Amino acid sequence: MKNIFKGNPLYSIFTGSCPVCQQESMYVKSNPYKLSSTLKMHERCSHCHTKYKIEPSFFYGAMYVSYAVGIAFAVAAFVISYFFIGTSLVTAFFAIIGTLFIFAPIIMRLSRNIWINFFFDYDPKKTNKAPRTSSENA
């Protein structure tokens, strides 16, 4: 079932996989709530050898994406708490703050995933390529 969505940038965005081959995770740890390693990424994809950090400070642009993603989470929290649950405005405000606090690691990763997918496209040729072994890299 997972392979149905491969080739679509949304697959890479939601799974945190390489935007070019979508075979390997970009992140060292899969759990975003391991706060010491939330944003630690591999330098390159071990499958297609795509370098993730194109230039120094490349992911600073993800801050702008993070703002938009954070607004989306905040609006969702407001709509759910105020309109669906029927809380007061003050309670809805606290729901927004709580949502942004709880989902901050996910928002940060999601923003990086969206940002990198602006610059890389899926390449089916690199998907089928066999990964190099360490003896071939030498």
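1. Helix H3 has 14 residues, and the distance from its first C-alpha to its last is 20 Å, close to the 20 Å expected at 1.5 Å a residue. The model it belongs to is predicted.

2. Which residues of H3 are buried? In H3 the buried residues are Ala92, Ile96 and Thr99. They lie on the same side of H3, because they cover an arc of only 70 degrees around the axis. An α-helix has 3.6 residues a turn, so residues three or four places apart point the same way. Helix H2 (62–85) is included in what covers the buried residues of H3.

3. On the face of H3 turned away from its buried side are the exposed residues Val90, Phe94 and Phe101.

4. H3 (residues 89–102) also packs against its neighbour in the numbering, helix H4 (residues 104–119): the two axes come within 4 Å and cross at roughly 60 degrees. H3 is therefore oblique to H4, since angles from 65 to 115 degrees are what count as roughly perpendicular and those under 35 as roughly parallel.

5. The contact brings Leu100, Phe101 and Ile102 of H3 against Ala104, Pro105 and Ile107 of H4. By type, the residues of this contact are 6 nonpolar, no polar and no charged.

6. For the chain as a whole, the secondary structure is 6 helices and 0 strands, in the order α-α-α-α-α-α from the N terminus. The C-alpha trace spans about 65 × 30 × 25 Å along its principal axes. Of the 138 residues in the chain, 33% are buried. Among contacts between residues at least 6 apart in sequence, 62% join residues at least 24 apart.

Technical notes:
Residues numbered from 1 in each chain as written. Predicted model: local features only at pLDDT ≥ 70, side-chain atom pairs only at ≥ 80, totals over all residues. Heavy atoms only, no water. Axes fitted to C-alpha atoms, helices over the stretch in contact; angles between N-to-C directions. Helix = DSSP H or I, 4+ residues; strand = E, 2+ residues; numbered from the N terminus. Parallel < 35°, antiparallel > 145°, perpendicular 65-115°, else oblique. Contact = heavy atoms within 4.5 Å. Nonpolar A, V, L, I, M, F, W, Y, C, P; charged D, E, K, R; others polar. Expected span 1.5 Å × (residues − 1). Buried < 20%, exposed > 50% of the residue type's maximum accessible area, 1.4 Å probe, protein only. Arc of directions from axis to C-beta.
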